[in-house]
Amino acid sequence: MFGNRREFIKKSTAGLLVSGATFMFPMELLAAMRKKVGPNDTVNVGLIGCNGMGFSDLSSFLKMSDINVIGLCDVDETVLQKRTADLEKAGIKKPKWYKDYRKLLENKDIDVVIIGTPDHWHCLQLTDALQAGKDVYCEKPIANSVQEANIMLNYVGASDRMVQIGQWQRSQPHFVDAIDFVHSGKLGEIRLAKAWAYQGWMKPVPIVPDGTAPAGVDYDMWLGPATQRPFNPNRFHFNFRWFWDYAGGLMTDWGVHLIDYALYGMKASTPKSVMALGGKFAYPDDASETPDTLQTVYEYDGFSILWEHATGIDGGNYGRNHGIAFIGNNGTLVLDRQGWEVIPETEFQGWGKDGIPKMEAMKFDNGGQSGLDLHTQNFMEAVKSRDASKLTAPIKVGYDAALVSHMGNAAFKTGNRIYWDDSSGKFKNEEANQYLMANYQNGWKLPMI
């Protein structure tokens, strides 16, 4: 029986800081981990976008001794210098540098490309990589618009290349175990699934004046197809997430991870309708554009999915600052990156009777191995076997989560309840359809389907 739920929650929430830090692997330890492998047995990797999650992905790949990084691409020379120094700590010699990803893709020796750039670049870089014959590990969300996501889905479907999306929770065993429990029917009829991210660490983005791009930065290449604007530090490294030109805020940053599992658990795809309420309530006068507070409701036949996010506070549902909950007639399953538990429906009188098992708290770990490491290993298994069915987060997983997340942002921007037409792949509300489209500028062209 679940005897100390408060302690479970306390430990789970405290562990979140650790789970984030696991991606920042000490490079000095890599040298001891990596074994010598013959050149004929290595897989050559190139990384596009080296500053944040892209380098965490590469670090995870390099824990596999047969991975050899031979190319780094970034528009910021300072980042290239820093990451090269990091690699040298692991005994890895300097890879070739690129500022234009297309030049990296021309390197015939590169087998696998990791895409860790801002969202507005993913579509061009993925489709170009496929045409160059590369297998691709692409960060989430797959795109900055539904139009781009449709193009990417079609490109991957027409290709024989392996493509894994960086929704690494799909490779974590306890997430899979929790969904198996949801699908078992033991929760009874599920009428609501919730997903949420309450991010207390997020502080205001201070307003700063436009200026000149730092030395060594190819700012035009950073903008790419995005709207031409003067350089501003707020729109550059990391904080690009909070500006519509490049990303979709917390809805597409954390949302794709968590909404993905709400969809997975409910065996759901596109909703019948979407409505969203929120705004800049925490930091109304800061520089960011995307809402810091948002509630989005997705309507399906027989159930709803609710997304919530808030910055500046950690007090999320069930005492967790992130998670997914499946609320059934018999009980509620709560799942986050630390584990999962089932909270019995206290008003239900049938526990332990008529074959219904008594539900207890459950917590799992992965033997010290991070979900990201499991995810990159899964991708390489598919690459080596040339079997896309092995992938735990193929393009369709990334597509479904991105589509639903972008639909929520469209509802927020219109301020209306908007209805989806599956047959046309558009909203019935024409005003909302403008928010599904990409807006490529500066001479960059949207890939043709």
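**Entry 1**

I began with asparagine 442, which I found in the segment after helix H14 (430-433); helices (H or I, at least four residues) and strands (E, at least two) are DSSP runs, numbered from the N terminus. I note that this is a predicted model, in which local features need pLDDT of at least 70, side-chain atom pairs count only at pLDDT 80 or more, and totals for chains, interfaces and linings use all residues. Residues are numbered from 1 along each chain as its sequence is written, and side-chain values use heavy atoms, with hydrogens and water left out.

The phi of asparagine 442 is near 60°, a positive value in a residue other than glycine. I recorded asparagine 442 as partly exposed, at 36% relative accessibility; buried means under 20% relative accessible area, exposed over 50%, and partly exposed in between (1.4 Å probe, protein chains only).

I then looked up lysine 267, in the loop between H11 and strand S8 (273-279). Its phi is near 50°, again positive in a residue other than glycine. Lysine 267 is exposed, with a relative accessible area of 66%.

**Entry 2. A cis peptide bond**

I found a cis peptide bond between lysine 140 and proline 141, with omega about -15°. Proline 141 sits in the loop between strand S5 (135-138) and helix H7 (146-157).

**Entry 3. Cysteines**

I looked for disulfides (pairs of cysteine sulfur atoms within 2.5 Å) and counted zero. For cysteine 73, the nearest cysteine sulfur is that of cysteine 50, 6.9 Å away. Cysteine 73 counts as buried at 3% relative accessibility. The sulfur of cysteine 138 lies 9.5 Å from the closest cysteine sulfur, in cysteine 123, which is too far for a bond. Cysteine 138 is buried as well, with a relative accessible area of 0%.

**Entry 4. Buried elements**

Of the nine residues of helix H3 (residues 53-61), eight are buried, so I noted this helix as largely enclosed by the rest of the structure. Among the buried residues of H3 are Phe55, Asp57, Leu58 and Phe61.

Leucine 258, in helix H11 (residues 255-266), is buried at 0% relative accessibility. I read a C-alpha to C-alpha distance of 6.7 Å between leucine 258 and glycine 323, which are 65 residues apart in sequence.

Glutamate 341 belongs to strand S13 (residues 339-344) and is buried at 0% relative accessibility. Its C-alpha atom is 9.7 Å from that of alanine 325, 16 residues apart along the chain.

**Entry 5. Nonpolar cores**

I took a nonpolar core as a set of buried Ala, Val, Leu, Ile, Met, Phe, Trp, Tyr and Cys residues joined through side-chain atoms within 4.5 Å. The largest has 94 residues, of which Trp307, Phe326 and Leu333 touch the most other members. Helix H13 (residues 395-414) gives the most to this core, eight residues. This core lies between domain 1 (5-168) and domain 2 (170-369 + 395-435), because both give residues to it; the bounds come from an automatic or database domain assignment. A second, separate core of 31 residues includes Met27, Ile67, Ala90 and Val112.
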